[in-house]
Amino acid sequence: MPTVNHPRIEAVNDFVIRFANVNGTGSASANNMFSKAVFRMGVPVSPKNIFPSNIQGLPTWFEVRVTEKGYLGSRGDVDFVVAINGQTLKQDYETLMPGGYFLYDSTKALPRDFKRDDIFEIGIPLTQMCIDNYTNPRQRQLFKNIIYVGALAYLFNMEFEVLTGMVKDQFAKKEKLIAPNIGALELGYNYAKEHFTEVCGLRVERRDNVGDSIMIDGNSATGLGAVYGGATFAGWYPITPSTSVVEAFEKYANKFRKDEQGKNKFAILQAEDELSAMGMAIGGNWNGARSFTATSGPGLSLMSEFLGLAYFAEIPIVLIDVQRSGPSTGMPTRTQQSDVISAAYASHGDTKQVLLIPCDPAECFEMTSAAFDVADRLQTPVIVLSDLDLGMNDHVSRPLKWDDDRKYDRGKVLTAEDLDNMQERWGRYKDVDGDGIGYRTYPGTHPTKGSYFTRGSSHDDYAAYTEDSSVYEANMERLVKKWETAKDVAPRPQIKYRDKDSKVAAIFFGTSAQASYEALDGLQEEGTKINTCRIKSFPFHPDIGKFIEEHDTIFVIEQNRDAQMRTLLINEFNTGTEKLRSILNIDGMPIRARRIKRKIERMLAGENVSPFTTVNSSAQEVEA
Amino acid sequence: MSYLKSTFRHPESPKNDLGYTQANYEGALSTLCAGCGHDSISNSIINACYELSLEPHKIAKMSGIGCSSKTPAYFLSNSHGFNSVHGRMPSVTTGANMGNRDLTYIGVSGDGDTASIGMGQFMHLVRRNLNMVYIVMNNGVYGLTKGQDSATADVGSSSKKGVPNMYEPMDLCELAISLGSGYVARSFSGDKDQLVPLIKGAIKHNGFALIDVVSPCVTFNNNPQSTKSYEWVRDHKEATGTFDLVPEEQEITVQNPDQINESITLHDGTKINLHRQPDSLDITCRESVLSALEEAKQNKQVLTGLLHLNTDSNSTHDILNTCDTPLNRLTEEDLCPGSDALEALNQSLR
């Protein structure tokens, strides 16, 4: 081993390991096995799959953050690399932190220009070991991944039986595969033990820090939320990263929703495009069957016309928007929070859409199931604004909970009996309760009462077509009243005062929350106390306006170029242009805590810095 | 157009099996141009629903945008209606049908709404075989935007603007037959005797039923150079044969024993008795129907009547294996797996 002129990174349960693999080689399940093993040792873990828009052959990375303190956002910087992909070998080599560890396939020596003297190289002849031990080419490929997991178990001093237990769980139904997988783990473990004793300064030690947490991806929790929320119909069109929402809905519906004859108490149709998917969801809800669709940015654009119809004709809809990098096709497999404005004001004319913004899988579950109640109550579209990071990565999360006494809120729906007992003339859009919401009827309710004509054209209280200006205006103003009602129906922001007197604050939402909290904790340790407001819904609750009023400098932390949430705040509260200061991340990776912290430090020090935590437009400022 | 709709009805108007008169199936006063073919089609829908003794509130009227799509306001005022967005009636109807399989869905669309902006949705609707009646009020022209050619205008046909259309027309019946629709018909708004039974048959058919109705636009496309004018269609119309619709409970009576009769039983037991000449078209065979349509086109004829019938197909709900109870009637007890199931799931995720 060459001499290393840098102290090695030493840490227990607090480091970042990055796996560099080739897409389609089965690496994801091996990497997940490693990550889940850490979790099963009671240590919180945060895996991020960084994958290409490709089926086979392109580079893919899997980053696992081992985090005893439970910081589940992205930290930034890499302490250990497992470099299995020749295409990115140099890049992976260069980006490793000084003092870090570089595990590579030493079947072939590293090229001559790999000359860092500040990192520790761990060469394991993975390919040769596979050739020696396996004859089948597919096995040679798959077991290569398992062998390096075995090596890591030794290097990090992990409990080997946790890994063998995982293999047994994973292949419970394919018992034949258990022994060879454990064999591969042992191969790696023993090789590392023989060649790299006392090399690695990183350790995973058993703790009891995960409690009753679970590991689940946001999209699975969302699909499950739709089952629990009573969704019976999904019309959808496949698009990364939202596809697995409907796949999860289908999986859980098949598990929980069969009647005595084995028939489905749900229906799923794969539509011809997103326009149709949204049209289907509208039709189902119009008939009183809870229906939803799931999409991402490009689909949201296509659904805009229909969202306007649902807004104006007042049809409940649940739309799951799992955001990805835009504009246009953008980076389809990379994360962003860049649909904020296009979702909030989706469609032409004067429209405003209700947004629910989860930050972890438990909230994906809760907000999706709640979204059906909110939509039915308000008779309007509700968009659950998730993102790729939340949707497609496994997250350590609170367990999912359901109150068996909870009843669905179907909103204001008249039965045949209600219609018969009604004294005054019923008007579908008549605001009899003063909350801007009328009473609706499902088709087929009553032989002679309660029928009406649903339309996207201007209509009066009785749903009749009108071009009467004053009637049109009154209707549009009633919709504003309903918007006010929505502020009490949607989830309230999560506001935390670290110091009641502090004039510095931060506002964030969704997946920016975890990294933001971590960055602010770090600043607090250094004496800077920053109050926080996590936005959970739109329309904004008045508490958010109050929070802005209370502070002089407010960092709005989000993952898009144009500071969309900041724009929305300024627009809705008509204030804050001076004091709302952006911290932005647009590189398609989850926003990193270390970068947020550095950025805030520099901004508070009065430096004139770009709001971007990544490369700025002039490429002058590059931070790791 | 007139400005007031008379509410006077003959006190002894005949009643159907449900005790409803035809007035119970009417709608609001039409605001279309006087003489518009679409109003005749609306009346045929009213007749068909009245004669079949359908509960008006168990029918849903669906449409997109355009002159045709306004008509659901002019029939069946006791039915819920949905005037959606341009070209998107198919998807909204699909969702509605998924939500409640027990209603009768009558979709009304136009040639612009279906053959241009809505073509994608139309084709996919057909291939899913959604149980619905899809009526195209086909006038070959955009009326509300004042006279542009539509995608069903024949080559060489010109509207009032006087410029002949140079593009190939879409034949919606041929498309629907190719995509597997089991009930495809073409008719003429001026031929109520033919249209009413076609609508009744379409309602009774389990699966997707298309009726393409040539419906002249008196304002923009009723000139002598148009192949969608009253005069041209009357002169060039050919029928495939006639048929009777015999509800399940009634006995079959053969009206014209000298003609070849074929009796086809629909999903609910209703029978369709076909009367046709010995050498006429076999409408159960889609290859021969497609060539007959092509042949008629060569001969500048409009082939009308029931063009294709195939009762042996599964509708969307059959394919999806959906439960018999309409989805919109399921409650928490049916839908929510509860906390125990969730805790078991949590356990599997640790």
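**View 1. Model confidence along chain A of the predicted structure.**
The pLDDT of chain A averages 95, and 98% of its residues score at least 70. Residues 616-624 of chain A, by contrast, have a pLDDT below 50, and this stretch makes nine contacts in the model beyond near neighbours in sequence.

**View 2. The open six-stranded sheet of chain A.**
Six strands of chain A are arranged in the order 3-4-2-5-6-7, and the pairing within this open sheet is mixed. Strand 3 (45-50) and strand 7 (120-124) of chain A form the edges, each pairing on one side only. Averaged over the sheet and with direction ignored, neighbouring strands are turned by 15° against each other. Within the order given, strand 2 (residues 14-22) and strand 4 (residues 59-67) of chain A run antiparallel and are joined by nine bridges; one residue to look for in strand 2 is A:Arg18, whose bridge partner in strand 4 of chain A is A:Glu63.

**View 3. Strand 15 of chain A and its two parallel partners.**
Strand 15 (residues 381-387) of chain A is mostly covered, with seven of its seven residues buried. In a regular strand the side chains alternate between the two faces of the sheet. Strand 13 (residues 317-323) of chain A runs parallel to strand 15 and is joined to it by seven bridges, with A:Asp321 partnered by A:Leu385 of strand 15. Strand 14 (residues 354-356) of chain A is likewise parallel to strand 15, to which three bridges join it, and here A:Leu355 has A:Ile383 of strand 15 as its bridge partner.

**View 4. The contact between domain 2 and domain 3 of chain A.**
Chain A is divided into domain 1 (11-203), domain 2 (215-397), domain 3 (416-489) and domain 4 (494-604). The centres of domain 2 and domain 3 of chain A, taken over C-alpha atoms, are separated by 26 Å, and 13 residues of domain 2 are in contact with 13 residues of domain 3. On the domain 2 side, the elements that give two or more residues are helix 10 (297-313) and helix 12 (361-378) of chain A. By class, this side of domain 2 has seven nonpolar, three polar and three charged residues.

**View 5. The side of chain B that touches chain A.**
Between the two chains, 49 residues of chain B are in contact with 54 residues of chain A. Two or more residues on the chain B side come from each of strand 2 (80-83), helix 3 (89-99), helix 5 (119-128), helix 11 (332-335) and helix 12 (338-348) of chain B. Helix 3 of chain B gives the largest share, eight residues. Sorted by class, the chain B side has 19 nonpolar, 23 polar and seven charged residues.

**View 6. Strand pairing between the chains.**
Strand 17 (residues 453-455) of chain A pairs with strand 2 of chain B in the parallel sense, over three bridges. A:Thr454 stands opposite B:Phe82, a residue of strand 2 of chain B.

**View 7. The packing of helix 3 and helix 5 of chain B.**
The axes of helix 3 and helix 5 of chain B come within 8 Å and cross at roughly 35°. Helix 3 of chain B contributes B:Pro90, B:Ser91 and B:Thr94 to the contact, and helix 5 of chain B contributes B:Gln121, B:Phe122 and B:Leu125. These residues divide into three nonpolar, three polar and no charged.

**View 8. Two cis peptide bonds in chain A.**
A cis peptide bond with omega of about 5° joins A:Thr240 and A:Pro241, and A:Pro241 is found in the loop between strand 10 (233-236) and helix 8 (243-256) of chain A. Another cis peptide bond, with omega of about 10°, joins A:Phe538 and A:Pro539; A:Pro539 lies in the loop between strand 21 (537-538) and helix 17 (542-550) of chain A.

With 11 C-beta neighbours inside 10 Å, B:Lys300 counts as exposed.

Key
Residues are numbered from 1 along each chain as its sequence is written. Chains are lettered from A and ligands numbered from 1 in the order in which they are written. This is a predicted model: local features need pLDDT of at least 70, side-chain atom pairs count only at pLDDT 80 or more; totals for chains, interfaces and linings use all residues. Two strands pair if DSSP finds at least two bridges between them. Helices (H or I, at least four residues) and strands (E, at least two) are DSSP runs, numbered from the N terminus. Axes are lines fitted to C-alpha atoms, for helices over the stretch in contact, and angles run from 0 to 180 degrees between N-to-C directions. pLDDT is the predictor's confidence in each residue, from 0 to 100. Two residues are in contact if their C-beta atoms, placed from the backbone, lie within 7 Å. Ala, Val, Leu, Ile, Met, Phe, Trp, Tyr, Cys and Pro count as nonpolar, Asp, Glu, Lys and Arg as charged, and the others, Gly among them, as polar. Domain bounds come from an automatic or database domain assignment. A residue is buried if 20 or more other C-beta atoms lie within 10 Å of its own, exposed if 12 or fewer, and partly exposed in between; C-beta atoms are placed from the backbone.
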